[in-house]
Amino acid sequence: MNPLVANPPVATPFFFYLLSGIMIIGGILVITRKNAVHSAIALITALLAQAGLYLMLYAPFVAGVQIILYAGGIMVLFLFVIMLISIERTMKERQFNKQWLVGIAAAAALGGLFISVYAKGKSLFPEGHPLYPEAQNTQAIGALLFDSRTGMYMFAFEIASLLLLVAIIGAVVMAKKRI
Amino acid sequence: MNSSLLQSIVDYVQSYLSSNQTPGVAGNWFWATVYVLLVFAGVSVGVICMNWLERKILAHMQVRLGPMRVGPHGLLQPIADALKLLLKEDIIPAEADALVFWIAPFIVDLAAFTVFIVVPFGPAHAVTDMNIGILFMLGVSSLSVLGIVTAGWASNSHYPLIGALRSSAQMVSYEVAMGLAVVSAIMMTSLSAEGGTLSMIGIVQRQQEQQVWFVFKFFPLGLVAFAIFAIAMIAETNRAPFDLPEAESELTAGFHTEYSGFRWSLFFLAEYAAMMAVSSIAVTLWLGGWLRPFPNALHGATWDLIFSFFPGLTFLFLGGLCFFNASRMPKHPFFKIQTMGLAAFGAVLGLIGLVLFVPGIRERVQDIFWFTAKVAAFMYLYIWYRGTFPRYRFDQLMKVGWKVLLPTGLALLILTAVVAMRTEVWAEVVVPMWLGFADLLRRIF
Amino acid sequence: MPDETKSPSSPPEGEPKPAADKPASPGGVKATPSGSDASPAQSAETKPTPEKPAAAGQKPAAEAKPAAPPAKPAAAGHPAPPKPAGPTPTPWDAPLVAKFKREYGSGINALTYLGQNYLEVDRSLISEVLERLRDEEQFDYCVDITAVHNPKREKQFDVVWILYSFPRNQRMRVKTQIADGESLPSSVSVWATANWLEREVFDMFGIKFDGHPDLKRILLPDGWKGFPLRKDYGILQQDNEWVQINLGIESGQ
Amino acid sequence: MTDPKTLSPPSLETHVAARDETFLDTNELVINMGPQHPATHGVLRVILRLDGEKVLGLECVIGYLHRGVEKIAENRTYAMFNPYVDRMDYVAAVSNGLGYCEAVEKLLNVEAPPRAQYIRVILTELNRIASHQLWLGTHALDIGAITPLFYTFRDREEILKIFEKYCGARLTTHAFRIGGLQYEAYDGFEQDVKNFVKFVKPKIDEYEELLTTNRIWLERTKGVGVISGRDCIALGVTGPVLRASGVKWDIRKAQPYANYKNFDFEIPTGLNGDTYDRYLVRMVEMRQALRIIEQAVEGIPEGPIMAKVPKVIKPPVGEIYHSIEAPKGELGYFIVSDGSTQPYRVRVRPPSFVNLQALDLMCRGQLVADVIAVIGTLDIVLGEVDR
């Protein structure tokens, strides 16, 4: 049974634009706020809006993980902001450096890429029904990761974990003079 | 035209009643809103009750009386407190970051209350049933730490900042152990025919199906997982003996030192709401959620009838307690109003109890009653801990989290996975072992 | 027994105690009654010169047995003498005393009063005596260090070390006299507890201790002027300037 | 007794913990605690030097409560000064009074009559229990256990009631006079005391039930604020702190005053000299105090309560040092008389003041949260520290 039929979504475009708007505004605030804590709060708003977008894409598991991981991740960011950055000093610093031309160019290139993907993507991707009903989304992710037949992402997942482990060890080595 | 519109609205409202789903799943907006309001009101009333109960119970544990002046036995004290807090001046320190200072309590409250939309008070008594229910609860409740850190930072003062840092470190650390315990319970759900689930309602249904509360599943694995969660959840909610962020003797009031009046009351509300939320998780995952005791052993019409009397009986008992205490009030004209008030309160409780005996109602409130009773037991535990334990030191707290709970949780997770893969071994080896042990005990005593 | 109500002539408030007209020789500190320079060096070696030499011989050596008996509890050994003048210090005779006397000669004077023993030591010997008391005589616990001010004397201050020996269960005092402005060697290296006690003596009397690690005021604020326990410091007197600057009030009274 | 060779005093510098090389290079942090801080038991200001959460050293700033008690003494008669001593250690006022009265009696060469001695011992030991109860409640509160505070205050109330019935005051009692007592024990005093002993015995078990085997209490107190007996002696630390470090020394036994030699009691000692041992020592001390009270109340003799002391107290020229075992340690009075009605000099040797000096040593290498526990375990009263 297709969940879209049983449980028709309400006001999809409205929520899409609402969440997207929040995300864009949050993203802009992240780079324009001088106060690092304000930036962090804007960042978390943007990330929560992104979780909402995942929900709208019938990927609730990803949305939940987004909330959990980024809440924790932003926490660490907060701690660094509070402990390492002197707010008074950063308030006086200039917000943008001289590479803004390069930045605009990069942003334009990225935007162009998105537009071209959007233009061509209509033919690349099938007209969108989700592959799995929402009720089985989590199970589907589990199957893609761990199932003996369909678990094709296991290796990639473990490699990514290893990368994080390396980062942790590196941080410990750098912080501790004598292990 | 008009009547048909009305008719369609009535149909819309009534259509839900026949369905056996949560309003969120059924997609009924009207009932979803009603449920949200009900849950919000219920949690708020719960916080008010907790306020009074904590003060009274703690007082009686400490050979005091607690509030006695405002209303009979201080029953109106929470209302007086709320009024006082609302009328107090709302101070924002001059050096504080006003915007963040203003937002912080709302973040905390939002996180504390949002989780309740997936809490299953009954098979159909939840705002919605999410596929990722437990993940959602953990995720959203972990957002409250953001509010705490922003509050501490925005106050621009030492004690709140240290309190906030402690709080964040503590909550992030204990979330790990908590998550491991939760995963072990979720693993147990996968032993059902329908497969595993993250849905809160699904988890309770799996317990019903497997005919065991998960706290007793694979004894003692479930019990250990439950213990880990029960410890971690106290640390998560910053309550004694893990109340370092608010350690009075060290940090005055921790992250909300600079808050006053209404804003402070929001923190208070959030703290108690968060306590109820994590208790609900514990009840759902390990204590069979809304299930009444022994639903499988003691089933049948007679037992159903007997258990359906419990809600009414409880309220009648409370009402009777009020009458008993009213009869013990001093017989002095000054106490006339208080005595009458207590009796009236008892009468109201008794009336509610009587209403709960009405056939149509008593079946419907059963689930909610049992769920609430289990959560209330946890609330009592919280108060009991506070009356009993000294406070951990911060490094000891971290040691408990990382060196005790985390390894235990990991080992437990692996063990549970192994056992879940080879249930027949468990059934053939371990269960007879426990039975033999029980038999031995029976012979000795 | 309302004894306090009948006590005569409590000094009026605000009047500094007229200490100067008192016979300021408590405890027989002074070696000669004349009030001239009372260096213990003048006193005879075998027989120190207490104030009333006649009484010196009355007490047999029972009070100061060899190997130093424990100090007697309250009024244990002394039947109250009927004389209003009270008991007088008697020489303290013990191996410890003999040894010190042998080495330091007239710099040391050992007495007993009411069963409590004390040594009067010349200022120049004090650091050596204290150190040896700890190391050789096992006086390992410095109970207290304090001072007494006698403004009429030339050497105005008595500094008193109250010592106790755990192994011998015995108390004793060491006293020395110094003049105003003179300093004493610090005994912090002998007993760590002397740190705060010497600071308090400095705070209250203005006696400096050489070699003290951190000699500054302890009970009174750092900027305070005057030393309150000196007899010339009135009971109502205060450092008005300090009070005005730091408390913002005209006077603390 | 300990070998004298091991008793050589340590130089404080040896106690400076070697800097932990494994930590990041952080600047030393200097923070201020007090004088207005909920956990410093009065107006004690502590300046902490920290490396992260670790205490490198600290300095106590005291004197906020200095009232010049010693100066006042020089301007009052001997009898008039008696009430003032109650204001030093105001939670153990009776002990202060006992020390002062006995010192003056010694100077006068009189002795209080036996009946007065017995009543003095009963009241002093009651006061010791009250002081320890107050200590236990506040100490536990500092460590986060709120309930013991209410238990101990409930039971301390019974002691204060006895004081109130005896002399009309609850805290600063001025219970004793030079030469004996002013008031005869009221009717039913003995029964009250016996009832109290019966009442409080199970209550002390109750405190122990709450704390002694509580895991968190053990973790917070074991190995915290350790001080060796050798260091205690070098720093002049006395009382329960000294005994918890293994030195069996109590003035009541070592140099008995009043009539303590008539009573049978034991001196508890600890092994490790940590906060937990000090807690245990004080708990046992409460029980031993009850034992003394039981014996004393059985043996109160009949007779006068006042020795023959002149109306106007004029001790002969001389000086005296007398010390007693106050709840907090050795409380000594050094009194110099010039033969007049007013003492020429009164020096109080306050146990809290000297014990507080050990705070620096006990806190080094500990964490900030332990400083609060150690201040609590030293059981200081700022009224006595500052005088």
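# A guided tour, chain by chain

Begin with chain C, where, among contacts (heavy atoms within 4.5 Å) between residues at least 6 apart in sequence, 53% join residues at least 24 apart. Everything on this tour belongs to a predicted model, in which local features need pLDDT of at least 70 and side-chain atom pairs count only at pLDDT 80 or more, while totals for chains, interfaces and linings use all residues. Residues are numbered from 1 along each chain as its sequence is written, chains are lettered from A and ligands numbered from 1 in the order in which they are written, and side-chain values use heavy atoms, with hydrogens and water left out.

**Stop 1: chain C as a whole**

Colour chain C by secondary structure, and five helices and eight strands can be followed; here helices (H or I, at least four residues) and strands (E, at least two) are DSSP runs, numbered from the N terminus. Their order along the sequence of chain C is α-β-α-β-β-α-β-β-β-β-α-β-α. Of the 253 residues in chain C, 56% are buried, where buried means under 20% relative accessible area, exposed means over 50%, and partly exposed is in between (1.4 Å probe, protein chains only). Switching to a surface view of chain C shows about 10,500 Å² of accessible surface, with 53% belonging to carbon and sulfur atoms; accessible areas come from the Shrake-Rupley method with a 1.4 Å probe, and for residues only the protein chains shown count as cover.

**Stop 2: chain A as a whole**

Now select chain A, which has eight helices and zero strands, so that its pattern, by the definition of these DSSP runs, reads α-α-α-α-α-α-α-α. Among the contacts in chain A with a separation of 6 or more, 61% are between residues 24 or more positions apart.

**Stop 3**

Select A:H38, which is found in helix α3 (residues 36–56) of chain A. Is this histidine, A:H38, buried or exposed? A:H38 is buried, because its relative accessible area is 19%. Leaving aside residues up to four places away in sequence, A:H38 touches A:R33, B:D97 and B:V100.

Next, move to helix α8 (residues 154–175) of chain A and pick out A:I169, which is partly exposed, with a relative accessible area of 48%. Together with A:F155, A:I159, A:L162, A:L165, A:I168, A:V172 and A:V173, A:I169 forms a nonpolar patch on the surface, with about 770 Å² of accessible area together. Patches are made of residues with over 30% relative accessible area and no salt bridge, like charges being joined within 9 Å and nonpolar side chains (Val, Leu, Ile, Met, Phe, Trp, Tyr) within 5 Å.

**Stop 3: a helix in chain B**

**Stop 4: salt bridges**

A salt bridge is a side-chain nitrogen of Lys or Arg within 4 Å of a carboxyl oxygen of Asp or Glu, and by this rule the count over all chains comes to 56. Show the side chains of D:E59 and C:K216, which meet in a salt bridge at 2.7 Å, N to O. This pair crosses between chains, with D:E59 in strand β3 (residues 54–61) of chain D and C:K216 in the loop between β8 (208–210) and α5 (240–247) of chain C. D:E59 is partly exposed at a relative accessible area of 30%, and C:K216 is partly exposed at 26%.

Staying in chain D, select D:E298 and D:K194, whose salt bridge has its closest N and O atoms 3.9 Å apart. The two residues are 104 residues apart and link distant parts of the chain, D:E298 being in helix α11 (residues 275–298) and D:K194 in helix α6 (residues 189–211) of chain D. D:E298 counts as exposed, at 59% relative accessibility, whereas D:K194 is partly exposed, at 32%.

Finally, D:R287 and D:D205 meet in a salt bridge at 2.6 Å, N to O. This pair also joins helix α11 of chain D, which holds D:R287, to helix α6 of chain D, which holds D:D205, across 82 residues.
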